[in-house]
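Here is a short note to read beside the model. Keep the structure open and find each residue as it comes up.

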Amino acid sequence: MAGLLIAVAALLLAVYLYLKRSCRYWRRVANIDGPQPRWVLGNISQQITGRKHFGEIFAEVYRSYPQASWVGVYELFNKPAVLVRDLELVKEILVSSFQHFNKNSFEVDATIDPLASMNPFVNVGDQWKEKRSQIVPVLTATRVRTTFPIIKNVAENFLKYVDRVRAGSPDFEVKEVCGRYTIDSVASCAFGIDAESFANPDAEFARMGFELFNADSAIAWLRAMLALFAPKVASLLKLAFIPKHIDCWFRSLIENVTNLRKDGKVQRRDLFQAIYDTLSQNGTVPVKSNELIGHSVTFLTEGFETSGTLMSYVLFELATNREVQDRVLEELDSALEDGQLTDEAVQKLVYLERAMYETLRLHAATLTLTKVCTKEYELPAQYPTDRKRVRIQPGTAVIIPVYGIHYDPEIYPEPHRFEPDRFLEENKKTRHRYAFLGFGEGPRICLGMKFGMLQSKIGIATLLSKYRVELSPKQQMPLEVSKSTWLLAPKGGIWVRFVERKNQ
């Protein structure tokens, strides 16, 4: 017994000494400035306790060291990381020195998460190049524009749903409603099926999609936090990012869609057919099941959650900025052809597009971009007056605080004001290119950007062709970020009312 107690005491002492030493890493190696970490929890303790989103935490660090090029911070378990402030260094990491930082810090174990592991977002090296080359041709601007008739049909069903529900209840939680629209859009464009999200409140496709990104689910939050900050723990616990029952449901869905295409019962030139033709080299080689299903999951993740979030925040900003909404409506009315939204009309909605970009500045889907060093790299001096340089090793996380950059008054004067004309070409030229990171930048820029923007624009324009949008009395103000999800989500939802336009 005495020997066991001595062994336990020795282990606890070792852990204590390790944690004490790890808390002083940046001071010890080069006297680098940065916030003091909490034991084990590093600088994200307030995220773990639910007080702040980690994007808000890192934005505060960004603001606290205005003269620094970068700041030494700590992730979970006091793992040293780098928070970047200087936009030239942001460019260096995302583009110029991409070979040193070609990995995202969202990691899944392919043995327990085979479908998620097919997404280029989690791949690295040659596997990333292969997966990306398979999906990029499917999401070109030309290919995406061919989906216009499909998306328009979904948007019309969206409008009918609002007409129907509004007759009984004036208040809409648009994060959920817009999510149903983007679920139906992805299901129709990518798989050629009707997800029935508007017709059936308990539609299976919508239920599975919402469960995967549920902001109120503790287990969904845990999956995301482990994938971001402690992937080895997720592997040890065998906790997959995509739950087993969703994995099985998606496999069954894609198997049915594939069989219908093979049998000739369904013929559509949609995104699913495009990825199938790419993987099969136009029918000349067998398609690997995991690849086809995995890329299909990528369509869902690229087109559903973030687009629904964008739409809901656009509607919020239009509801709270009457003059901007008036300009959007005026542009829309002049673009419609005999009251109809056409492909050509959508391309003319340039002010609406600027409003969408301004919404992404204020409400970026990802509040940080975190890359992982894959090859030793020498950072610039922390301050202009310094001469000391620090070399970081492979495995070190490099955090780009999107939320902090987007609200920096030195970059965006009056940063809390909603001003779409910030994204006029002449105004964009006055800023550093990497001052806007709503879709990321460089080789790892968001692959679904064009599709997401198109379906969001069509959905918003269709609603606004008949309705103005106003805040509901149910809306909690000020609007806060949910602390229980890694992607942006509004705390308490976004509640609006659709008021029929008098000239309609």
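The points below go from the whole protein to single residues.

1. **Ground rules.** This is a predicted model: local features need pLDDT of at least 70, side-chain atom pairs count only at pLDDT 80 or more, and totals for chains, interfaces and linings use all residues. Residues are numbered from 1 along each chain as its sequence is written, and side-chain values use heavy atoms, with hydrogens and water left out.

2. **Overall build.** The protein has 22 helices and 10 strands. Both are DSSP runs, numbered from the N terminus: helices are H or I with at least four residues, strands are E with at least two. The radius of gyration is 24 Å, close to the 23 Å of the globule rule for 504 residues, so the protein is as compact as a globular protein of that length. That radius is taken over C-alpha atoms, and the rule is 2.2 Å times the number of residues to the power 0.38. Along the principal axes, the C-alpha atoms fill a box of roughly 80 × 55 × 45 Å.

3. **Inside and contacts.** Of the 504 residues, 56% are buried. Buried means under 20% relative accessible area, exposed means over 50%, and partly exposed is in between (1.4 Å probe, protein chains only). Residues 24 or more positions apart account for 74% of them.

4. **The sheet.** Which order do the strands of the open sheet follow? The order of its 5 strands is S1-S2-S8-S5-S3, with mixed pairing. The edge strands are S1 (70-74) and S3 (103-104), and each pairs on one side only. Two strands pair if DSSP finds at least two bridges between them. S5 (residues 369-372) and S8 (residues 397-400) have 4 bridges and run antiparallel. Lys 371 has Val 398 in S8 as its bridge partner.

5. **Helices on the sheet.** Helix H4 (residues 54-64) packs on the sheet and touches S1, S2 (80-84) and S8. Its direction makes about 65° with that of S2. Helix H5 (residues 87-96) also packs there, touching S1, S2, S5 and S8. The direction of H5 makes about 125° with that of S8. Axes are lines fitted to C-alpha atoms, for helices over the stretch in contact, and angles run from 0 to 180 degrees between N-to-C directions.

6. **Cysteines.** How many disulfides does a search of the whole structure find? It finds 0. A disulfide needs two cysteine sulfur atoms within 2.5 Å. The closest cysteine sulfur to that of Cys 178 is in Cys 189, 16 Å away, so it is too far for a bond. Cys 189 is in no disulfide, and its nearest cysteine sulfur, that of Cys 446, is 16 Å away. Cys 178 is buried at 0% relative accessibility. Cys 189 is buried too, at 0%.

7. **Asn 123.** This residue sits in the loop between S3 and helix H6 (125-135). Is Asn 123 buried or exposed? Asn 123 is buried, with a relative accessible area of 3%. Beyond its neighbours within four places in sequence, its contacts include Asn 102, Trp 128 and Arg 444.

8. **Asn 321.** Asn 321 lies in the loop between helix H16 (305-320) and helix H17 (322-335). It is partly exposed, at 21%. Its side chain makes a polar contact of 3.2 Å with that of Thr 320. A polar contact is a pair of N or O atoms within 3.5 Å; within protein, one must be able to donate a hydrogen and the other to accept it, and residues adjacent in sequence count only if both atoms are side-chain atoms.

Note on methods: Contact = heavy atoms within 4.5 Å.
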